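Subject: Structure for your review

Dear colleague,

Please find below the sequence and structure that I am handing over to you. My account of what was found follows directly after them.

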Amino acid sequence: MANTTSTAVSTSLASVTLEVADLDAARRFYSAFGVDAYIGLRACDAHSSGFRGFTLGLTVSGPATVDGFVGAAVDAGATVLKPAAKSLWGYGGVVQAPDGTIWKIATSAKKDTGPATREIDEVVLLIGVEDVKATRQFYVGRGMTVAKSFGGKYAEFVPGQSSPVKLALYKRRALAKDLGVPADGTGSHRIVLGGTAGAFTDEDGFAWEAAA
(Lines give C-alpha, C1' and ligand atoms only; values in the text may rest on other atoms or scores of the structure.)
Protein backbone atom coordinates (compact mmCIF):
# COMPACT_ATOMS: atom_id res chain seq x y z
CA MET A 1 0.00 0.00 0.00
CA ALA A 2 1.22 3.47 -0.85
CA ASN A 3 -0.08 6.54 0.91
CA THR A 4 0.54 10.13 -0.09
CA THR A 5 -1.11 13.19 1.34
CA SER A 6 -0.98 16.85 0.49
CA THR A 7 -2.82 19.98 1.50
CA ALA A 8 -2.26 21.57 -1.92
CA VAL A 9 -4.96 20.22 -4.17
CA SER A 10 -4.93 21.85 -7.61
CA THR A 11 -7.94 19.87 -8.85
CA SER A 12 -10.71 18.39 -6.74
CA LEU A 13 -14.28 17.18 -6.79
CA ALA A 14 -16.46 20.14 -5.87
CA SER A 15 -19.96 18.82 -6.58
CA VAL A 16 -21.98 15.77 -7.60
CA THR A 17 -25.08 16.15 -9.77
CA LEU A 18 -27.42 13.23 -10.40
CA GLU A 19 -29.35 13.21 -13.66
CA VAL A 20 -32.93 12.06 -13.07
CA ALA A 21 -36.04 11.53 -15.18
CA ASP A 22 -38.46 13.01 -12.61
CA LEU A 23 -36.91 16.04 -10.95
CA ASP A 24 -39.72 16.75 -8.48
CA ALA A 25 -39.91 13.13 -7.34
CA ALA A 26 -36.13 12.99 -6.89
CA ARG A 27 -36.17 16.15 -4.79
CA ARG A 28 -38.82 14.66 -2.52
CA PHE A 29 -36.90 11.39 -2.18
CA TYR A 30 -33.51 12.90 -1.37
CA SER A 31 -35.01 15.34 1.11
CA ALA A 32 -36.72 12.47 2.94
CA PHE A 33 -33.58 10.31 2.71
CA GLY A 34 -31.57 13.14 4.27
CA VAL A 35 -28.76 13.55 1.74
CA ASP A 36 -30.00 16.50 -0.34
CA ALA A 37 -27.25 18.76 1.03
CA TYR A 38 -24.59 16.58 -0.62
CA ILE A 39 -25.88 16.30 -4.17
CA GLY A 40 -27.41 18.33 -6.96
CA LEU A 41 -30.19 17.16 -9.27
CA ARG A 42 -30.75 17.77 -12.97
CA ALA A 43 -33.54 16.61 -15.29
CA CYS A 44 -32.33 14.17 -17.95
CA ASP A 45 -33.93 11.55 -20.18
CA ALA A 46 -30.71 9.99 -21.53
CA HIS A 47 -30.83 6.23 -22.03
CA SER A 48 -29.40 4.21 -19.15
CA SER A 49 -29.82 0.54 -18.31
CA GLY A 50 -28.21 -1.85 -15.87
CA PHE A 51 -25.35 -0.87 -13.57
CA ARG A 52 -24.39 2.78 -13.97
CA GLY A 53 -20.87 2.18 -12.70
CA PHE A 54 -20.89 4.08 -9.42
CA THR A 55 -22.27 4.21 -5.91
CA LEU A 56 -22.59 6.93 -3.31
CA GLY A 57 -21.61 5.75 0.14
CA LEU A 58 -22.57 7.17 3.52
CA THR A 59 -20.37 6.49 6.53
CA VAL A 60 -22.22 6.93 9.83
CA SER A 61 -21.60 6.36 13.53
CA GLY A 62 -23.30 3.07 14.28
CA PRO A 63 -25.72 0.29 13.26
CA ALA A 64 -28.82 2.10 14.54
CA THR A 65 -27.98 5.10 12.37
CA VAL A 66 -27.45 2.80 9.37
CA ASP A 67 -30.89 1.32 10.00
CA GLY A 68 -32.39 4.80 10.27
CA PHE A 69 -31.05 5.92 6.90
CA VAL A 70 -32.01 2.63 5.22
CA GLY A 71 -35.49 2.90 6.70
CA ALA A 72 -35.90 6.51 5.57
CA ALA A 73 -34.82 5.57 2.04
CA VAL A 74 -37.23 2.63 1.87
CA ASP A 75 -40.10 4.70 3.27
CA ALA A 76 -39.42 7.27 0.54
CA GLY A 77 -39.52 4.65 -2.22
CA ALA A 78 -36.06 3.04 -2.39
CA THR A 79 -35.50 -0.67 -3.06
CA VAL A 80 -33.26 -2.74 -0.78
CA LEU A 81 -30.46 -4.43 -2.74
CA LYS A 82 -28.68 -5.74 0.37
CA PRO A 83 -30.39 -5.71 3.77
CA ALA A 84 -28.34 -4.08 6.51
CA ALA A 85 -26.26 -6.74 8.26
CA LYS A 86 -23.03 -7.33 10.18
CA SER A 87 -19.87 -8.21 8.30
CA LEU A 88 -16.15 -8.57 8.99
CA TRP A 89 -15.66 -4.83 8.52
CA GLY A 90 -18.71 -3.54 10.42
CA TYR A 91 -22.38 -3.11 9.53
CA GLY A 92 -24.10 -1.83 6.40
CA GLY A 93 -26.73 -2.14 3.72
CA VAL A 94 -27.36 -1.11 0.10
CA VAL A 95 -30.44 0.59 -1.37
CA GLN A 96 -31.39 1.83 -4.82
CA ALA A 97 -33.19 5.15 -5.14
CA PRO A 98 -36.25 5.46 -7.40
CA ASP A 99 -34.07 7.32 -9.94
CA GLY A 100 -31.72 4.30 -10.12
CA THR A 101 -28.80 5.64 -8.05
CA ILE A 102 -27.31 3.06 -5.69
CA TRP A 103 -26.45 4.10 -2.13
CA LYS A 104 -24.44 2.16 0.43
CA ILE A 105 -24.88 3.08 4.10
CA ALA A 106 -22.28 1.66 6.45
CA THR A 107 -20.39 1.95 9.73
CA SER A 108 -17.20 0.32 10.99
CA ALA A 109 -18.85 -0.09 14.40
CA LYS A 110 -20.52 -3.43 15.09
CA LYS A 111 -22.34 -2.17 18.18
CA ASP A 112 -24.07 1.08 19.02
CA THR A 113 -22.42 3.30 21.59
CA GLY A 114 -25.26 5.81 21.57
CA PRO A 115 -28.69 6.51 20.11
CA ALA A 116 -29.35 6.70 16.38
CA THR A 117 -28.74 10.07 14.75
CA ARG A 118 -29.29 11.61 11.34
CA GLU A 119 -25.66 12.71 11.13
CA ILE A 120 -23.41 11.68 8.23
CA ASP A 121 -19.68 11.38 8.93
CA GLU A 122 -18.55 11.05 5.32
CA VAL A 123 -19.93 10.78 1.79
CA VAL A 124 -17.86 8.96 -0.82
CA LEU A 125 -18.48 8.76 -4.56
CA LEU A 126 -17.01 5.40 -5.57
CA ILE A 127 -16.75 4.99 -9.34
CA GLY A 128 -16.19 1.61 -10.92
CA VAL A 129 -13.42 1.59 -13.53
CA GLU A 130 -11.82 -1.00 -15.77
CA ASP A 131 -8.24 -0.13 -14.79
CA VAL A 132 -7.73 1.50 -11.40
CA LYS A 133 -4.04 2.29 -11.98
CA ALA A 134 -4.65 3.91 -15.36
CA THR A 135 -7.60 5.96 -14.12
CA ARG A 136 -5.69 7.00 -11.01
CA GLN A 137 -2.88 8.29 -13.21
CA PHE A 138 -5.39 10.04 -15.47
CA TYR A 139 -6.69 12.01 -12.49
CA VAL A 140 -3.22 12.66 -11.12
CA GLY A 141 -2.42 14.11 -14.55
CA ARG A 142 -5.41 16.41 -14.07
CA GLY A 143 -3.88 17.68 -10.82
CA MET A 144 -5.64 15.53 -8.26
CA THR A 145 -3.74 14.25 -5.22
CA VAL A 146 -3.87 10.61 -4.17
CA ALA A 147 -4.69 10.05 -0.49
CA LYS A 148 -4.64 6.24 -0.52
CA SER A 149 -3.77 3.65 -3.13
CA PHE A 150 -4.02 -0.13 -2.91
CA GLY A 151 -2.32 -1.18 -6.13
CA GLY A 152 -4.78 -1.88 -8.91
CA LYS A 153 -7.73 -2.44 -6.56
CA TYR A 154 -8.60 0.89 -4.98
CA ALA A 155 -7.57 4.54 -4.96
CA GLU A 156 -8.84 7.53 -3.02
CA PHE A 157 -8.19 11.21 -3.64
CA VAL A 158 -7.68 14.10 -1.26
CA PRO A 159 -10.95 16.08 -1.15
CA GLY A 160 -11.08 19.80 -1.70
CA GLN A 161 -11.78 22.01 1.28
CA SER A 162 -15.23 22.94 -0.02
CA SER A 163 -16.16 19.47 -1.26
CA PRO A 164 -18.85 17.57 0.66
CA VAL A 165 -18.02 14.35 -1.21
CA LYS A 166 -14.79 12.33 -1.47
CA LEU A 167 -13.84 10.63 -4.77
CA ALA A 168 -12.54 7.05 -4.90
CA LEU A 169 -11.92 4.40 -7.57
CA TYR A 170 -12.69 0.68 -7.50
CA LYS A 171 -12.75 -2.09 -10.09
CA ARG A 172 -16.14 -2.00 -11.82
CA ARG A 173 -16.92 -5.71 -11.47
CA ALA A 174 -15.78 -5.78 -7.85
CA LEU A 175 -17.95 -2.76 -7.09
CA ALA A 176 -21.02 -4.34 -8.71
CA LYS A 177 -20.44 -7.54 -6.73
CA ASP A 178 -20.16 -5.59 -3.49
CA LEU A 179 -23.45 -3.83 -4.26
CA GLY A 180 -25.23 -7.06 -5.21
CA VAL A 181 -25.96 -6.14 -8.84
CA PRO A 182 -24.79 -7.45 -12.25
CA ALA A 183 -21.82 -5.49 -13.63
CA ASP A 184 -23.29 -5.01 -17.10
CA GLY A 185 -24.79 -1.67 -18.06
CA THR A 186 -25.24 0.58 -21.08
CA GLY A 187 -25.93 4.22 -21.79
CA SER A 188 -25.44 7.23 -19.57
CA HIS A 189 -23.89 7.05 -16.11
CA ARG A 190 -26.54 9.63 -15.15
CA ILE A 191 -24.06 11.57 -13.03
CA VAL A 192 -22.02 14.73 -13.65
CA LEU A 193 -19.03 15.69 -11.51
CA GLY A 194 -18.20 19.31 -10.87
CA GLY A 195 -14.53 20.18 -10.55
CA THR A 196 -12.03 23.00 -10.51
CA ALA A 197 -10.31 22.06 -13.78
CA GLY A 198 -13.03 22.64 -16.35
CA ALA A 199 -14.90 20.14 -18.50
CA PHE A 200 -13.52 16.73 -19.50
CA THR A 201 -14.52 13.06 -19.63
CA ASP A 202 -12.44 10.33 -18.04
CA GLU A 203 -11.47 6.99 -19.59
CA ASP A 204 -14.58 5.26 -18.24
CA GLY A 205 -17.01 7.86 -19.55
CA PHE A 206 -17.60 9.86 -16.36
CA ALA A 207 -18.20 13.48 -17.34
CA TRP A 208 -16.86 16.49 -15.46
CA GLU A 209 -17.90 20.10 -15.80
CA ALA A 210 -16.58 23.31 -14.29
CA ALA A 211 -18.06 23.74 -10.83
CA ALA A 212 -20.44 26.64 -10.52
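In strand S15, the bridge partner of Phe200 is Trp208. Strands here are DSSP runs of E of at least two residues and helices are DSSP runs of H or I of at least four residues, numbered from the N terminus; two strands pair if DSSP finds at least two bridges between them. S14 and S15 run antiparallel and are joined by two bridges. Together S14 and S15 form a hairpin with five residues between them, and Gly205 in the turn has a positive phi of about 85 degrees. Trp208 in S15 also stands opposite Leu193, as S13 and S15 (residues 207-210) run parallel and are joined by four bridges.

Please note that this is a predicted model, in which local features need pLDDT of at least 70 and side-chain atom pairs count only at pLDDT 80 or more, while totals for chains, interfaces and linings use all residues. Residues are numbered from 1 along each chain as its sequence is written, and side-chain values use heavy atoms, with hydrogens and water left out.

The eight-stranded sheet

Another open sheet, also of mixed pairing, has eight strands in the order S5-S6-S7-S4-S8-S11-S10-S9. Its edges are strand S5 (79-86) and strand S9 (146-150); each has a single partner strand, so one side of each is left without a neighbour in the sheet. From one strand to the next, the twist averages 15 degrees. Strand S4 (residues 54-59) and strand S8 (residues 122-129) run antiparallel and are joined by six bridges, and Gly57 has Val124 as its bridge partner in S8.

Two helices lie across strands of this sheet. Helix H2 (residues 63-75) lies across S4, S5, strand S6 (91-96) and strand S7 (102-107), at about 10 degrees to S6. Helix H4 (residues 172-179) lies across S4, S5, S6, S7, S8 and strand S11 (166-171), at about 100 degrees to S11.

Which residues of H2 are buried? They are Pro63, Thr65, Val66, Phe69, Val70, Ala72 and Ala73, where buried means under 20% relative accessible area, exposed over 50% and partly exposed in between (1.4 Å probe, protein chains only). The buried residues of H2 pack against helix H1 (23-33), S4, S5, S6 and S7. After H2 comes Gly77, whose phi is positive, near 120 degrees.

Glu156 lies in strand S10 (residues 154-157). Glu156 is buried, with a relative accessible area of 8%. Beyond its neighbours within four places in sequence, Glu156 is in contact with Thr145, Val146, Ala147, Lys148, Lys166, Leu167 and Ala168.

The nonpolar cores

A nonpolar core is a set of buried Ala, Val, Leu, Ile, Met, Phe, Trp, Tyr and Cys residues joined through side-chain atoms within 4.5 Å. The largest one has 44 residues, and Tyr30, Phe33, Trp103 and Leu125 have the most contacts inside it. Leaving aside neighbours within four places in sequence, the contacts of Leu125 include Leu13, Phe54, Leu56, Leu167, Ile191 and Leu193.

The protein as a whole

The secondary structure comes to four helices and 15 strands. The radius of gyration is 16 Å, close to the 17 Å that the globule rule gives for 212 residues, so the protein is as compact as a globular protein of that length; this radius is taken over C-alpha atoms, and the rule is 2.2 Å times the number of residues to the power 0.38. Buried residues make up 46% of the 212 residues.

Yours sincerely

Technical notes: Axes fitted to C-alpha atoms, helices over the stretch in contact; angles between N-to-C directions. Contact = heavy atoms within 4.5 Å.
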